[in-house]
Amino acid sequence: MKVRTLALFVLISGLALAQTYPPAAAATIKNVNITLHDAARNKDLPLRVVYPEGKGALPVVIFSHDAGGSREGYSGLTEYWAQHGYICLQPTHADSFEQQRAAGRNATLFSALYDSSVSPDAWTNRIKDAVLVLDSFDEIQKQVPALKGRMDKNRIGVGGHAFGAFVAQALGGATIKFPGENESKSFRDARVKAVLLFSPQGADVKVGLINTSWNQFNLPMLSVSGSRDYGDWRVLNKERATPEWRKDSYKFSPPGDKYLLWIKDASHMSFTGMPATESGPLAKRSEALGINEKAIFEWTQLASLAFWDTYLKDEKNARKFLETDELAKMANGGLTLEHK
């Protein structure tokens, strides 16, 4: 068990909260890197597979990284979920620094962000990457024999951070407005049963979303953001760059199994786990501001696990945890968790 997970359990126990939740973590997890091939696009897709050792069918979570990221990121989330009984699949999309530099491009954060955010081709290619993963369960089990018979095709969730959240929103039912087209398009995939969004895009035509994009979004959704999670004003209309913009997916979607976790002082990078687990500039900046990134990330882990457990495992204690004030009490005013 990793230190961050142990610390989380100690914190929960110490506050005597949710004594029946979360359940005990699985003992051992494995990480395997494989490659899928999309013949239709003549494209290889790198994929990280994270899973707990053992037997029996488990729910599957596909997680899509932010612009510039890769399958190697977000281990604080995917390994935590895997420890609690999930098979996690993390593709590396073409906008990743890793992929761009391999192609000979001098990629920067802004180039990855700008090119991906405003490019309809990038939108559809990312969605197609996720669909390829959904289509490739048999191939994944062939390449990772330990997973044979363990990937439950009836319990699939899709999550993502920022541009990855765009992918999750699209597969979950948010319609996308392409430049020059009158009607928005749906990429809803019926295999997906629940959607988890970190730093999701709100309504802005530059990123393909408008106020009506969520009208038919009927899947369970957890949207996670915070008071320092600004949008990039260089890409968006300036009024869209505020953290409030990230509430749109929750605000405009119909009631029923929708949740909004809003964390005080959480920034865009808080949900990667980097400021909480590393000692670089992000951590030092938060420390200078008096922000407890470790606590923010632990709350994020707990809420996200409770969401998956509610909708992919039908665990009653998890639903109770989501729909009561237990997490808010733990955070002592540091967050709100709404549902409708």
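**Ground rules.** I am reading a predicted model, where local features need pLDDT of at least 70, side-chain atom pairs count only at pLDDT 80 or more, and totals for chains, interfaces and linings use all residues. Residues are numbered from 1 along each chain as its sequence is written, and side-chain values use heavy atoms, with hydrogens and water left out.

**Aromatic pairs.** I looked up ring pairs first. Rings of Phe, Tyr and Trp (its six-membered ring) pair if their centres lie within 6.5 Å; planes under 30 degrees apart are stacked, over 60 edge-to-face, the rest tilted. The count by this rule is 15 aromatic pairs. I picked Trp-81 and Trp-308, an edge-to-face pair with 5.8 Å between centres and 85° between planes. This pair joins distant parts of the chain: Trp-81 sits in helix 2 (residues 75–83) and Trp-308 in helix 11 (residues 293–312), 227 residues apart. Helices here are DSSP runs (H or I, at least four residues), numbered from the N terminus. Both Trp-81 and Trp-308 are buried (under 20% relative accessible area, 1.4 Å probe, protein chains only; exposed is over 50%, partly exposed in between).

Next I took Phe-307 and Tyr-311, a tilted pair at 5.3 Å centre to centre and 50° between the planes. They are four residues apart in helix 11, so about one helical turn separates them. Phe-307 is buried at 0% relative accessible area. Tyr-311 counts as buried too, at 16%. Which cluster holds Phe-307 and Tyr-311? One aromatic cluster includes both, along with Trp-81, Trp-308 and Phe-63, among others.

**Charges over rings.** Lys-247 lies over the face of Trp-262, 4.4 Å from the ring centre. Lys-340 lies over Tyr-250 at 4.8 Å.

**Helix 11.** Is this helix mostly covered or mostly open? It is mostly covered, with 19 of its 20 residues buried. Asp-314 follows helix 11 and has a positive phi, near 55°.

Last, I looked at the second largest pocket, with a volume of about 220 Å³. A pocket is an open set of points on a 1 Å grid over the protein atoms alone, with protein on both sides within 12 Å along at least five of seven lines; lining residues have an atom within 4 Å of a point. The volume is the space filled by probe spheres set on the points. Its lining includes Arg-228, His-268 and Glu-293. Helix 10 (residues 281–288) gives the largest share, three residues.

Definitions and conventions
Helices (H or I, at least four residues) and strands (E, at least two) are DSSP runs, numbered from the N terminus. A charge sits over a ring if NZ of Lys or CZ of Arg is within 6 Å of the ring centre and within 35 degrees of the ring normal. On a 1 Å grid over the protein atoms alone, a cavity is a set of points where a 1.4 Å probe fits but cannot get out, and a pocket is an open set with protein on both sides within 12 Å along at least five of seven lines; lining residues have an atom within 4 Å of a point.
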